[in-house]
Amino acid sequence: MEIIDKKIIEKVEKIAKKKKAEFPESYIYDISEAYVRRELTEKELETLIIRVRKAYERARVEAGEAVGTVAAQSVGEPGTQMTMRTFHYAGVAELNVTLGLPRLIEIVDARKKISTPTMAIYFEDDKKEDEEFVKRLANRIGKSTMNDILKDFYINYAEMKVDGIIDEEKIEDKRLDKDEILANVEKAFKKVITINDNKLTFEPAKPSIRELRLLADKVRYLQISGVKNIGKVIIRKEDEWIIHTEGSNLGDILEIDGVDKVRTTTNDIHEIETVLGIEAARNSIINEALRTLEEQGLSVDVRHIMLVADMMAAEGSVRSIGRHGISGEKSSVLARAAFEETGKHLLRASIRGEVDKLTGIIENIIIGQPIPLGTGSVGVAMKSNKNKSK
Amino acid sequence: MNKAKIYINGELIGTCDDPIDFVGEMREKRRSGEVSDEMNITYYEETDEVYIFNDPGRARRPLIIVKEGVPLLEEKHMDELEKGEIRWDDFIKLGIVEYLDAEEEENSYIAMGLNSLNEDHTHLEIDPSTMLGICAGIIPFSDHNSSPRNTMEAGMTKQALGLYVSNYALRTDTRAHLLHHPQTPLVKTRIIDATNYDKRPSGQNFVVAVMSFEGYNMEDSLILNKSSLERGMSRSSFFRSYEASERRYPGGQEDKFEIPEKGVRGYRSEEAYRHLDEDGIVNPESYVESGDVLIGKTSPPRFLEEIDEFGTVAERRRETSVTVRHGEKGVVDAVLLTETVEGSKLAKIRVRDTRQPEFGDKFASRHGQKGVVGLILSQEDVPFTEDGVVPDLIVNPHAIPSRMSVGQVIEMVAGKAGCMEGHRIDGTPFNDDMEQITKDALTANGFESAGCESLYSGTTGERIEAEIFVGVAYYQKLHHMTTDKVYARSRGPVQVLTRQPTEGRAREGGLRFGEMERDCLIAHGAALALKERLLDESDKYEAIICGDCGMISVYDKIRDKKYCPICGDVDSYPVEISYAFKLLLDELKSLCIFPKLVLEDKA
């Protein structure tokens, strides 16, 4: 994209304003670009803007259009073609990410605990080609246990103790700090450990075989490094170095130096909401839903998904579609009762003495009135003081 | 190590140490006749379980036993069989042939033929086509078809009309179809011979041309030759039996077969009874239509003491006649009078209806190639071959390549060859040399070996530029017929509870404008069209709403006055709502919820 002189953009903006055209930024830019490229005259530019305005206004959704229903149908119809059986390995072969219909359901249900949280960590420009840096970071982020750095490990039943020998090479390979590890281990097994150079000896508090075995497991699975909630990490070189993780912890990852705060993402929408706010969450819903659909080879216009995301994020927190979210919070008793949990809603309405204003679509279908949409959204108004002027 | 579990007919009965030897021993005992030959035994290595089955209803099939790569069935056995010295049963007694069920097949390694036999095989197919059942066995050249098409055909052949029994004239099946002039297939299989399909055939041999014709055979529709139909091709009869008995009720009363008198409750028009004889039962061979009474019957009143206005008990009998079903017609084929087990009079009436193929009737070849009639074309307009042969049926070439039902193509070539040679062709699957034989037969009779011919347009007489594939295939008429399904309704009966139209063709019901259809009208913003569908054309109701309490008021017809049962004589207003909504309000009231309608002027 070539850079267009700011003055030209300002000029176009000014004319557009004069012609009462409210264009989004990208339109202004495109027009300016055409203005420069085609060497248009002032007059031609004006005509262009008027024409674009007309086309723009024609393309706008009319008032009274059933955008919600159209969006629902536009997402729902391709949804029927999605196969239920989707536990694909997409993108990263080693990572198992929920996709397809289960993932789509997960998104619109706004699940707090998603089944496969995962992150894609990008790096700042000066670090993104630095393999050594990325590897070291990956080991710091990824979960390592004692098991990963032990050279030898055996349970000595005769002497009732557990012996482990640390492999310095492995520590080196993982770019971990041996002293730090030892300190960690010592902290975790205060009473039962004796450290002798690389040899660690653990003795159970009570000398029984059961205790001994439990201790052995505890030693082996002791986490010695890694960020909370993150399990396996996979380093991949696409156009640059990227770390994919199993599990997600956006807040902690973003605090690490060298991590690109702009591009690094997670697929956990709620986490994005808490760390980056509701607008980011809305964008994340759009991206995740669109990606899920596209992965299945289905094309749905973004605007339908944007509407869904807007609805979900409108109240300032991510709400689910369905009886616990948007549909369950409708003001109309009849509309709620017609959806799910009929009895509950009717009962509550009768206890509280709720009044249904009958302004929605569903209510009007139930009572048999024209719905306030499309042809039903227009009425006839008459000025009552017309007679006087006669 | 754990012992292997042994199950008999799914029930755990014991364990054994050496399952493989045990299973082998049991099999030997079966072969020697020590144990019933109807026992099947299987060992599953993965779960270490032995399954023995001997209950009825398992599908089993015969296989030749193989020992060390040599089949036990020898030439001398075949000679003896031919001479009639031994019979099939003896093969089983001798332990040469045994029946395996689906379970025991898991433990066997079956050779398709002698040429593929090796040391590891445990069994040998008598013929590869014995693996097919009755339905799949009817398909000729099924080894050339794609499996979904074979599956479809195996399902469809059960829906084909034919000569389903030979004593149909003596039976009173509630529903029965009978194909007129059934033919034995020109291309048969050995399974057709084995199952005596030829004695109960269910189709006819059609001369088929594969070409498009004016677009009337798009999307699997078929074009039929009208003259062929008039000659009786694919004509069938439909029988429906009705029955009624003179039931006895406690209290000595009983039903009576008679022509009901005018005073009877529920009396139909005199017209409806016109076919009845004196005994109240129709005359055979009379033409009846829906609503006509077949058996005139009256029953005693349901509640004994029904007091009329003068305080006397009136004995008004109810009309309970049996009429011809809605949407059906026909000729009374047979009238049967007998007794029930209780000894009361029983009448059975069979009504017959001739079905000549019409638009929308379903047909299928034996290769899962189903379609409905799209056009019935006069013979003079049907393209014809050089020899003047006019096809009975024109199918669209697009029906073949994507479905890969090559068997149909081969059947058509073989059928054509069979016609010319004057004998039937064997189309048993896994018989590789049929192709060349049929091709040679065609060339010998002056045809192109592929079966293509030049056709001449029936309308202009011009030669059609493309060569058209013409052959003879066995086609089946399936029991999905237009007359049984065509339906439309404008106004009609409604349900008592909701006042919405009834459901289903038999009840003259409406066609449901469902939730998704409703969504479409919403999406289009067609508010008034939607209201018309859901209210005006369904269960519109004018409710009178009390202006005070918001509940439904009552209209007193005698005094011509509206009043509210709660507030009494106050203002009330007519409001158009759906009856279903009124019902909802009533049901809420029955739940002690008090719904009120607050009225205001229309905006």
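How many residues does helix α1 of chain B have, and how far does helix α1 reach from its first C-alpha to its last? The views below take up this and other details of a predicted model, in which local features need pLDDT of at least 70, side-chain atom pairs count only at pLDDT 80 or more, and totals for chains, interfaces and linings use all residues. Residues are numbered from 1 along each chain as its sequence is written, while chains are lettered from A and ligands numbered from 1 in the order in which they are written.

**View 1. Helix α1 of chain B, residues 19–32.** The helix has 14 residues and reaches 20 Å from its first C-alpha to its last, close to the 20 Å expected at 1.5 Å a residue, where the expected span is 1.5 Å times one less than the number of residues. Helices (H or I, at least four residues) and strands (E, at least two) are DSSP runs, numbered from the N terminus. Just after α1(B), B:Gly33 takes a positive phi of about 95°.

**View 2. An open sheet of five strands in chain B.** The strands follow the order β10-β14-β22-β21-β16, and their pairing is antiparallel; two strands pair if DSSP finds at least two bridges between them. At the edges are β10 (175–179) and β16 (287–289), each of which pairs on one side only. Three bridges join β16(B) to the antiparallel strand β21 (residues 329–339) of chain B, and B:Tyr287 stands opposite B:Val331 in β21(B).

**View 3. Where chain A touches chain B.** Here 21 residues of chain A are in contact with 19 residues of chain B, contact meaning that the C-beta atoms of two residues, placed from the backbone, lie within 7 Å. On the side of chain A that touches chain B, the elements that give two or more residues are α4 (67–81), α16 (342–352) and α17 (361–367) of chain A. The largest share of that side, four residues, comes from α17(A).
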